[in-house]
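Visitor: I am new to protein structures. Please show me how to read one.

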Amino acid sequence: MKHVIPLIAAITVLIILVDVASYNYLYTSSNSMEKKLEVIEQNIKSEKWMSAKTNADDLEKTWGKVSNKWAILVEHREIDDIDMSLSKLKSFIETKDKDLSLSELKTLKELYSHIPSNEKLTLENIL
């Protein structure tokens with residue numbers, strides 16, 4: 001019994017530290033993706049479709065690397081939603097559809113910002 005309480009305390013601290021580290025990673029990588037989306041948004045608004053396509057391809061490559069790590073930390077359904085939205089965005093950029101591209105881009109921004117806030121260690125998320 002003498003060692004049980006310190007062991008429980010140590011495990012609790014370890015769980016909190018791992019959660020904080022995973023949140024920081026999600027938040028940082030999410031911000032990086034949102035910055036790339038802002039560049040694509042400017043490309044689309046100014047109708048620079050080749051730049052938008054190049055930047056969307058770059059976003060897809062980066063997302064490919066990041067999503068493998070996110071898969072450990074978040075639900076796969078959310079990653080699938082981002083994959084599908086990114087595919088739609090690329091398709092709308094290829095067809096040079098400004099309205100649909102901007103709409104899908106907003107969806108992607110929301111998905112990227114929503115996930116870290118869902119994974120944050122808060123009482124609201126625990127209950």
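Predicted model: local features only at pLDDT ≥ 70, side-chain atom pairs only at ≥ 80, totals over all residues.

Guide: Residues are numbered from 1 along each chain as its sequence is written, and side-chain values use heavy atoms, with hydrogens and water left out.

Visitor: How many helices and strands are in the chain?

Guide: Helices (H or I, at least four residues) and strands (E, at least two) are DSSP runs, numbered from the N terminus. Here there are five helices and zero strands. The pattern along the sequence is α-α-α-α-α.

Visitor: What radius of gyration does the chain have?

Guide: The radius is taken over C-alpha atoms; the globule rule is 2.2 Å times the number of residues to the power 0.38. For 127 residues, a compact globule would have a value near 14 Å, but this chain has 19 Å. Its C-alpha atoms fill a box of roughly 70 × 25 × 20 Å along the principal axes.

Visitor: Which residues touch the most other members of the largest nonpolar core?

Guide: In soluble globular proteins, nonpolar side chains tend to be buried together. A nonpolar core joins buried (under 20% relative accessible area, 1.4 Å probe, protein chains only) Ala, Val, Leu, Ile, Met, Phe, Trp, Tyr and Cys residues through side-chain atoms within 4.5 Å. The largest one has 24 residues, and Ile-44, Trp-63, Trp-70 and Tyr-112 touch the most other members. α1 (4-45), α2 (49-73), α3 (76-94) and α4 (98-119) each give two or more residues to this core. α2 gives the most, with seven residues.

Definitions and conventions
Buried < 20%, exposed > 50% of the residue type's maximum accessible area, 1.4 Å probe, protein only.
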